[in-house]
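Q: Please take a close look at one part of this structure and describe how its pieces are arranged.

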Amino acid sequence: MTLPDGGRIASLVSEHEVLICCGSGGVGKTTIAAVLALEAARQGRRTCVITIDPAKRLADALGLETLSDAPSEIPRYRWDDDHSAKPDGDLAAMMLDTKSTFDRLVTGNATTSEQAQRILENRFYRNVSGALGGTQEYMAMEKLHELHDGGQFDLIVIDTPPTRHALDFLDAPRRLLRLLDNRIFRMLMMPTRAYLRVASVAVQTFLRTVARVVGSEAIDDVVAFFRAFEGMEAGFRDRAVAVEALLAAPETGFVLVTSPRRDAMEEAQFFARQLDRNGQSIDALIVNRVHPQFGDEAPSGLRAAAAELARAVDDPAAHRLAERYRNLADFREIAELERAHVQGVQARVGATTVAYVPYLSRDVYDFSALREIGSLLFEPADSRA
Amino acid sequence: MEVAHFCSTSHVVIVAGKGGVGKTTVTAALAVTAARAGSSVLIVEVEGKSGLPTMFDTPALSYDELDLDPGVRARFLTPDAALVDYLETHGMRRISKRLIASGALDVVATAVPGMKDILVLGKVKSLDESRAADLIIVDAPAAGHAISFLLSPRGLLDAVRVGPINKQAADVVALLSDPARCQVMLVTLPEETPVSEVIETAYAIEDRAGVALGPVIVNQCFEPLPAGVTASVEDLMNDAEACGRFVSEREAHDLVHAIEFRSERHAVQHEQIERLGERLPLPQIELPFLFTPDIGRPQVDALAGALACGIEAL
């Protein structure tokens, strides 16, 4: 198996300004995002990691007790207790608060504070901002853009939310625009404009039918929301375009995290295709939780040895030995199958860099474990024992 | 408990858990188990790309039912298609196309949170009412979303107080809160984070959504090693000598390392299974770790066998 190329992986965190960690659920995206951020900070970069839904213990390790609207710095002694990192790096983390990020966006774009207030109090808006319909993804990208623009950080690493469709976040800026551009609802804002009154009669009829299904209150809220939004679309549109541009910029890197299981690998390929369609490519593929190799013997030979030993009658020592051979055969087999998957996928996703993180025998939730994974990823293979 | 009895406890079983724990694998294993016990099974997939066709070596799933295996059918259920179905059966065929084509469904669904979930669950309810199968297994969305998926009908009852959506929500709540009709089967892995999450999810589902919980499936458990099979080179060499087999130093090293790895993982798993048992008073069924990254037909069969044993031991 190709061993991780420490040199190229190192440039991943030293050359980019934004790293987006994507992958299907349960493969360890959040952990890898934290590992990459820690490594960048150790290399002397001012780094921020934005997480969406960290496991509790990892959140605790990163000092993330609550959702927030701004990153908070992690005291250096917590992530560099042995003073081995370069001195000028910083590490900050935040757990995205979708609603307050959206509120800020509305307040910032509203022409008057009354307009902002009308929107913030609207029930439809509150549903939209409460992590529905891709809002979480969009706000993650929005926050990313804001922090990148602010210039406070050299690198921002962002973990992407688990979504129905893995790449929803890429589409998020456009999705909000589509919502704002929706013909029917745009016409809702028109009754004040006489020349469109005719069109709005048909719209009203349509809405009355919809109201029969979902109740008129909901429709009233939507109408009120779109009216309140009038005049703000341009600001939102500019912003969405800017966020899209940042996602496509060369300083933005995509890190695809996967596990060596077939289903995860299939999703990784699906991902790569989607990214490609968006004109983006994967800068690094990180295969997490790869089983160790345990030598190079063929599983079949080991199984034959186990079977032969197991045939011994009344010989507990032979049976124990058989058990050991069977166990090694099992692990050798999964290791080989995983490596076969990895080899295939490497070519198919077209990632420039591929790195492997071995299955650790413990869970990862503190800085020492993040460091351990970081050193497996970033130290060139030949410098390790 | 007899497998046939277990499979007829509820008509609808919703399989839920965090991403990557093997929900779809457990769904497939449960379906095969139930079919072997004589039930007809319909699997309903609600999101993303299904792993079922790869497991059963069949074409991709669609909104129409597909035969996966003798006694096991499967289909997709998307909110859009469920909405068209709903409107057509409620005499609103004309607006259904427009709702979807204009993108208004997205706006309406945002205006009424839980709307998409209620469409999907409403369709599951009507499948149940028409007795589409003896057992309907729903492969639920990933954990966080599973909670909102199951909570949405109650939320909608408050949000939309009149009209057909209100009735639909009331019917779905009635289905979800009747243990004879519906239960949730949670899936987890014997690891820190998935165990913590499943505990949280279990309480949220039972307390807030009022849905009955079946046994928790703990997937990918290492079986314990027999006594005396230790991670010690000395023990290994003694055994080799006792039975007169030559084991090279290098091979001994690999054999011992593999035992060491397995014992460590087993210890971590054991600790987490204990913690799960203490914190969550639900019966557990352990499914074995299969030494392969591929779940295909033989693996589903093996897990179905283990699941049947687990059910019988309940």
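A: The model is predicted. Start with two neighbouring strands of chain B: β6 (residues 182–188) and β7 (residues 216–221) run parallel and are joined by two bridges. Across this pairing, B:Val187 is placed opposite B:Ile217 of β7(B).

Both strands belong to an open sheet of eight strands in chain B, whose order is β3-β4-β2-β5-β1-β6-β7-β8 and whose pairing is mixed. The edges of this sheet are β3 (66–69) and β8 (284–288) of chain B; each has a single partner strand, so one side of each has no neighbour in the sheet. From one strand to the next, the twist averages 25 degrees.

Two packed helices are described by the angle between their axes and the distance between the axes. For helix α16 (residues 316–349) of chain A and helix α12 (residues 249–279) of chain B, the axes come within 9 Å and cross at roughly 75 degrees. The helices α16(A) and α12(B) are therefore roughly perpendicular to each other. On the α16(A) side, the contact involves A:Arg324, A:Tyr325, A:Asn327, A:Leu328 and A:Phe331, and these meet B:Asp254, B:Leu255, B:Ala258, B:Ile259 and B:Arg262 of α12(B). The residues of this contact are six nonpolar, one polar and three charged.

How values were computed: Residues are numbered from 1 along each chain as its sequence is written. Chains are lettered from A and ligands numbered from 1 in the order in which they are written. This is a predicted model: local features need pLDDT of at least 70, side-chain atom pairs count only at pLDDT 80 or more; totals for chains, interfaces and linings use all residues. Axes are lines fitted to C-alpha atoms, for helices over the stretch in contact, and angles run from 0 to 180 degrees between N-to-C directions. Helices (H or I, at least four residues) and strands (E, at least two) are DSSP runs, numbered from the N terminus. Angles under 35 degrees count as roughly parallel, over 145 as roughly antiparallel, 65 to 115 as roughly perpendicular and the rest as oblique. Two residues are in contact if their C-beta atoms, placed from the backbone, lie within 7 Å. Ala, Val, Leu, Ile, Met, Phe, Trp, Tyr, Cys and Pro count as nonpolar, Asp, Glu, Lys and Arg as charged, and the others, Gly among them, as polar. Two strands pair if DSSP finds at least two bridges between them.
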